[in-house]
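Subject: Structure for your review: helix packing

Dear colleague,

Please find below the structure that I am handing over to you.

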Amino acid sequence: MEILAVGMVFLSKIIPNATNMYYKMNSISSNRLYLQNILFSNYHPSAFGKYIPEVGFGGQGQQVQGYFYIDSSYTRIFFMGGVILFVLFMYIIWRLISKFIRLGLYRHAWLLIIVMLTAITEDTFSKLGTNILIPIFLCNEQVIKDSFITSKNSVKSVKRKIKFEF
């Protein structure tokens with residue numbers, strides 16, 4: 001998944017501009033490849049990131065003059081957060097998925113991978129206000145075990161309570 005995320009950041013550099021593949025990928029990605037080309041030609045990544053002015057729809061369906069918005073969470077973190085934050089972020093996600101797998105929480109690992117897939121074309125992964133995974137990133141292994149792993153006895157007691165209430 002991390003390879004796909006890094007690949008998304010450099011997709012406009014990997015696919016040559018005037019090729020059929022570029023036009024098809026740009027069409028499939030709702031013009032995101034074109035916008036990423038503009039980003040790479042006007043800005044350069046830095047170690048600690050930088051402010052990049054954007055002009056977006058702001059949640060509206062209307063046309064905007066000079067539209068320019070970084071829609072991929074990974075590209076946004078790479079350019080605006082910086083290379084160091086991007087590498088740290090990818091490392092933390094890798095550790096979290098590894099921790100879920102080690103604890104036998106395969107569904108949670110798959111959910112995180114699905115969220116990572118949606119972050120390819122959405123910027124919500126890079127916004128701390130809407131990213132529900134940030135609290136999970138801050139948890140240690142014991143807290144994750146206590147929160148997500150239930151013993152068979154506690155499941156039986158919950159089933160008894162449900163039967164009793166109905």
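Predicted model: local features only at pLDDT ≥ 70, side-chain atom pairs only at ≥ 80, totals over all residues.

Helix 1 with helix 5

Helix 1 spans residues 2–9 and helix 5 spans residues 73–81. Their axes lie 8 Å apart, and the two helices pack at an angle of about 70 degrees. Angles of 65 to 115 degrees count as roughly perpendicular, and helix 1 and helix 5 are therefore described in that way. Their crossing is right-handed. On the side of helix 1, the residues involved are Ala5, Met8 and Val9, which meet Tyr74, Thr75 and Phe78 of helix 5. Sorted by class, this contact comprises five nonpolar residues and one polar residue, with no charged residues.

Helix 1 with helix 6

Helix 6 covers residues 83–102, and its axis comes within 11 Å of that of helix 1. Here the axes cross at roughly 155 degrees. As angles over 145 degrees count as roughly antiparallel, helix 1 is placed in that class relative to helix 6. This crossing, too, is right-handed. Helix 1 contributes Glu2, Ala5, Val6 and Val9 to the contact, while helix 6 contributes Phe86, Met90, Ile93 and Trp94. Seven of these residues are nonpolar and one is charged; none is polar.

With kind regards

Conventions: Residues numbered from 1 in each chain as written. Heavy atoms only, no water. Axes fitted to C-alpha atoms, helices over the stretch in contact; angles between N-to-C directions. Helix = DSSP H or I, 4+ residues; strand = E, 2+ residues; numbered from the N terminus. Parallel < 35°, antiparallel > 145°, perpendicular 65-115°, else oblique. Left-handed = near helix turned anticlockwise from the far one by under 90°. Contact = heavy atoms within 4.5 Å. Nonpolar A, V, L, I, M, F, W, Y, C, P; charged D, E, K, R; others polar.
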